[in-house]
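Subject: Structure handover

Hello,

Here is the structure we spoke about. Please have it open while you read the notes below.

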Amino acid sequence: MFIDTIETKMASPITKETIQHLAKLARLELTPNEEKQMLADLSKILAYFDELQTLDTSRVRPMTGGTTLKNVFREDTAAGETNRGAGVNAFPESKDGFLKIPPVFSAEGGSLPGRQAGASGEETT
Amino acid sequence: MNTSLRNLTIKSFHDGLVKKKFSALEIAKEFFKRIASTNEDIGAYLSLNEERALSDAEALDFAIGEGEKIGLLAGVPLAIKDNILIKGLPATAASKILEHYRASYDASVITKLKNERAVFLGKTNMDEFAMGSSTENSAFKIAKNPHDRTRVPGGSSGGSAVAVASNLAVAALGSDTFGSIREPSSFCGVVGLKPTYGAVSRSGLIAMASSMDQIGPITKTVEDAAILFRAIAGKDRLDATSVETESENFENAHQDELRSLTIGLPEEYFVGGLSKEVSSEIDQVIEKFKALKFVFKKISLPHTKYAIPTYYLSMPAEVSSNLARFDGIRYARNLKLSAEGGSASGGKTENLKLEEIYLKQRGAGFGPEVKRRIILGTFVLSSGYYDAYYEKAQRARALIKQDFDEAFADVDVILSPVAPTPAFKIGEKIDDPLAMYLSDVFTGPTNLAGLPAISIPTKPSSMLAPKELPVGFQLIGKHFREADILGLGQLYEEIK
């Protein structure tokens, strides 16, 4: 039980399956040994967070920035020089300044066959 | 040339250069000679910039010969933490996943320093992606404390602190998310400043936790920290959180206003867990300030004990987002694997192929602490846990900041230890993440609150007893009041 308010969800400690699911979501391949270690470490670290449970935070609003930030406005004008294309040299494969990757969607989905179908992403994205 | 690199500060380098005691090229060469003989053992640098540094120094000497007027940082040999981009140079952040990466642009702080004609000797060792307090998480090499090579230099900016402390650079840049400039500065006996959040542009800093990361100087003297800070501070259109700071003369310690500052001592920072060595050193610092007739006040920062859990919930969430960009394709650990994946021919398995690249490259490219934080961050942000963990931490963060706001209604500056102990042994805490996290208990709260703070050695390294390890004390200022802590720090340096 980490946090009272959602006891039902939190009652069971983090399991091996949780770790496997999170690793998949985070796109990290873990060895069985790493999974075991991760489970041990995370259980300990999460237990340490129990301390926060005791704290009444109902009267404050969540703080997301390093300071209390305000909106900054500027004219929406072109800034001239950009760094577009500078990263292309580092791509393992590129075509016309775009990064070449294996297809994101299967060929049956209507995209072109083979690697030419590789969804191109602009290097700046 | 008989100039010793030992006591070379930004100030004395500049004076020597202007008075033609030496040339910028001579000093740069001398540094590379020293680096060549010591770096392999001490592990300060991950890569060097020798060719370009020497040609920049030579060009500067030529310009001086032509009568060009130069600024304080011209020709100054600097070490730059490897998570700060210098165009064309490696920027690995001490991670295998960035082993082959070359920066495609300059960080804004580097642009500013280039305009000042500073010379960059190389990129320094660090904990992988700035995650750690000992530099033991570097994927490439161990960095050692110059005062005792069986001990850690602190982290994550360990290489930068070692470079300055062992005279392998005149000064350095580090980054600080929860103490990563100040803790290694304390362990290595040098000065380290974490500026107010927003005082220095983060553009070109490889992001760890964007709401707390700040770039700052690591130097031999407080005066040098002031010089370097002034050069890199200011609003930058490439970082929307950056702000213009008042242009003050940080280097002038003799202002009457400084004498009237009230210093606060937070009771929560002087309790159990503080080692005897640190405690007695800090007491002596307080006595010295008292002898100068400074007024001290006891203050309370009641939410201090929540700072570490708050940080280790907020930071991993930011880490899991920020490190998602390391997809194993644009930033590849194994270039061959990416190329093979990219050459895969048609068929149903292709979707899996792409995912496999991500899984394998990231699995092999990130070290254990980075993986731990990514998984933890993914967990605290996942549906069902977000409110209990992430949002709870964001609210606790507001309370921690409120503590400081209230304290600063009573005092102008806060004095405290930097770390609970002097440098610990290499290997001592590496298998116990929680013990490692506790090294940051006095430095971290200021990052959560966005405040400026500086670590200053309690005494010069030359005055340490045999086997005595350096210890730093911390001065925390109000938002954008770097002038206060830099000023007090310079006063302190003059009295000891």
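By class, how many nonpolar, polar and charged residues does the lining of the second largest pocket have? It has nine nonpolar, nine polar and seven charged residues. (Ala, Val, Leu, Ile, Met, Phe, Trp, Tyr, Cys and Pro count as nonpolar; Asp, Glu, Lys and Arg as charged; the others, Gly among them, as polar.)

Some ground rules. This is a predicted model, in which local features need pLDDT of at least 70, side-chain atom pairs count only at pLDDT 80 or more, and totals for chains, interfaces and linings use all residues. Residues are numbered from 1 along each chain as its sequence is written, chains are lettered from A and ligands numbered from 1 in the order written, and side-chain values use heavy atoms, without hydrogens and water.

Confidence: the predictor gives the complex an ipTM of 0.87 and a pTM of 0.92. Chain B averages a pLDDT of 92 (the predictor's confidence in each residue, from 0 to 100), and 93% of its residues score at least 70. Over residues 339-351 of chain B the pLDDT is below 50.

Pockets: a pocket is an open set of points on a 1 Å grid over the protein atoms alone, where a 1.4 Å probe fits, with protein on both sides within 12 Å along at least five of seven lines; lining residues have an atom within 4 Å of a point. (Helices are DSSP runs of H or I, at least four residues; strands are runs of E, at least two; both are numbered from the N terminus.)

The second largest pocket holds about 650 Å³. Of its 25 lining residues, B:Arg6, B:Asn7, B:Lys220, B:Ser461 and B:Ser462 are the closest to its centre.

Sheet: in chain B, 11 strands form an open sheet with mixed pairing, in the order β1-β3-β2-β4-β6-β5-β10-β11-β9-β7-β8. (Strands pair if DSSP finds at least two bridges between them.) β1 (45-48) and β8 (295-299) of chain B are the edge strands. Strands β5 (residues 191-194) and β10 (residues 453-457) of chain B run antiparallel, joined by three bridges. One partner pair is B:Leu193 and B:Ile454.

Best wishes

Key
Contact means heavy atoms within 4.5 Å. Grid points are joined across faces, edges and corners, and a volume is the space filled by probe spheres set on the points.
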